[in-house]
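Biologist: I would like to go through this structure feature by feature. Please give the general idea each time, then the case at hand.

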Amino acid sequence: MKIKELYALFIQHGLVDTDTRKIRKNTLFFALKGGNFNGNKFAEEALTKGALFSIVDEVAFKTSERIILVADVLTTLQELASYHRNVLNTPIISLTGSNGKTTTKELINAVLSSTYKTTATIGNLNNHIGVPLTLLSMTTDTEIGIVEMGANHLNEIAFLSNISQPDFGYITNFGSAHLEGFGSLEGVVKGKSELYDFLIANNKKIFVNPKDVVQLEKTRNANTILFESSIAFVAANPLVKLSFENTEIQSNLIGEYNFSNIAAAITIASYFKVSKENIKQAIENYTPSNNRSQIIKTTNNTIILDAYNANPTSMKAALHSFKALKAAHKTIIIGDMFELGSYSANEHQSMVDLASDCEFDKLFFVGENFYKTKTNNQKFSSFEGLKSYLIENPINKSVVLIKGSRGMALERVVALC
């Protein structure tokens, strides 16, 4: 079946699903494959649960007229998304970067949705499946689309850019993330800059932080929009306070490192002529969730929970910000950083050295990588070891920073504090 014919089926109801556990009535079910599953096996189940059609790529599962056989289900999903994007012709903002992508995307959506009907990436569904699903969730009512793009290898951002074909782009930063896949920091810059390559080649607009010299160099001959000059940092103790056009804005985000994320959202909103009043209200009403920059008060302590993800760049920023925080007693509990490859040992030791120099009251390092480092502070090869220690030696009357890669699931520490 040609994409145009499949699209005619899609626009009847505008629904696409890939999981039979969450199937919706009159949806198109795309039978995706993974390392441990074969969606083709669920094609008939999807129909019984209300799907209009199921799309498969193995002839053995073409058992009904309502099951459509294609060469490759994933490729078909991506092509359908790109076709839909072109039909709608909705202005799309794409963003990527090493740190802060999802928070920045949420902030951009918050300020723009105060004035426009927006559709944005849900959570961090920002890969070769998530981006197409985001595009396909847009409707004729969508006035601005916001697409987050993630990658851990070269050529992935280029691929996602070709699918989403953004009109505007923003890169949060270039940092030491996914070094195992990109090979080096230079590889990270090259990989993330694939968004710039697309935007420059198609004469599209790029939002740029003028304080980032690498980004300025990468966009030297591009159609750029620099951060609003009237945006100024005021404080972060721990919540970020800033001013915009002589108006003070108190955010619910911790750490000075979040200032640039807020500034990007304000700049983009200003470009789209969102009022200063709506910008202020949207920023002040935005509350982080999902283990990102959350402040949690327990009976004994104040927790700064930033345990959604971690890499050397974001970890350093968090430690520097925590060091500057005014508090009588400060404790850090930091977990392993993943996907660093051959850089792992040096990066974890560097983090131990940095944290030790910050003169926090208590330091706890968790995970196999941190356990291999040299330190006089407490270290544990697993969460269970940390848990046992904290049960016997509880933390009291302290501000506690919790940060680590997603696989460490350090949000479990909150119950121990």
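Modeller: Start with strand 14 (residues 239-244), which pairs with strand 15 in the antiparallel sense over five bridges. Keep in mind that this is a predicted model.

Biologist: What holds such strands together, and in which order do the strands of this sheet lie?

Modeller: In general, strands of a sheet pair through backbone hydrogen bonds, either parallel or antiparallel. Here three strands form an open sheet in the order 13-14-15, with antiparallel pairing. Strand 13 (231-236) and strand 15 (247-254) are at the edges; each has a single partner strand, so one side of each lacks a neighbour in the sheet. On average, neighbouring strands are turned by 25° against each other, direction ignored.

Biologist: Which strands does helix 11 lie across?

Modeller: Helix 11 (residues 259-271) lies across strand 13, strand 14 and strand 15, and runs at about 35° to strand 14. Helix 12 (residues 276-285) lies across strand 14 and strand 15, at about 25° to strand 15.

Biologist: Now a helix by itself. What span should helix 14 have?

Modeller: Helix 14 (residues 344-357) has 14 residues, which at 1.5 Å a residue should span 20 Å; its end C-alpha atoms are 20 Å apart, so the two agree.

Biologist: Which residues of helix 14 are buried, and where do they lie around its axis?

Modeller: In helix 14 the buried residues are Ser344, Glu347, His348, Met351, Val352 and Ala355. Viewed down the axis of helix 14, they fall within an arc of 140°, so they line one face of the helix. Ala345, Asn346 and Asp357, on the other side of helix 14, are exposed.

Biologist: What do the buried residues of helix 14 pack against, and what follows the helix?

Modeller: They pack against helix 13 (312-324), strand 18 (330-335), strand 19 (362-366) and helix 15 (368-371). Helix 14 is followed by Glu359, with a positive phi near 60°. Helix 9 (residues 194-201) can be read in the same terms: Glu194, Leu195, Tyr196, Phe198 and Leu199 are buried. The buried residues of helix 9 pack against several elements, among them strand 7 (92-96), helix 6 (156-164) and helix 10 (213-218). Just after helix 9, Asn203 has a positive phi of about 55°.

Biologist: Which residues have the most contacts inside the largest nonpolar core?

Modeller: Phe30 and Ile332 do, in a core of 64 residues. Helix 3 (residues 73-88) gives the most to this core, with five residues. Beyond its neighbours within four places in sequence, Ile332 is in contact with residues including Leu319, Phe322, Ala355, Phe360 and Leu401. A second, separate core has 36 residues, including Leu95, Ala236, Ile262 and Ala265.

Biologist: Finally, a loop residue. Is Lys374 buried or exposed?

Modeller: Residues over 50% relative accessible area count as exposed; Lys374, at 71%, is therefore exposed. Lys374 sits in the loop between helix 15 and strand 20 (378-380). Apart from neighbours within four places in sequence, Lys374 is in contact with Gln349 and Val352. Val352 is among the buried residues of helix 14. As for distance, the C-alpha atoms of Lys374 and Lys297 are separated by 32 Å, the two residues being 77 residues apart along the chain.

Note on methods. Residues numbered from 1 in each chain as written. Predicted model: local features only at pLDDT ≥ 70, side-chain atom pairs only at ≥ 80, totals over all residues. Heavy atoms only, no water. Pairing = 2+ DSSP bridges. Helix = DSSP H or I, 4+ residues; strand = E, 2+ residues; numbered from the N terminus. Axes fitted to C-alpha atoms, helices over the stretch in contact; angles between N-to-C directions. Contact = heavy atoms within 4.5 Å. Expected span 1.5 Å × (residues − 1). Buried < 20%, exposed > 50% of the residue type's maximum accessible area, 1.4 Å probe, protein only. Arc of directions from axis to C-beta. Core = buried A, V, L, I, M, F, W, Y, C linked by side-chain atoms within 4.5 Å.
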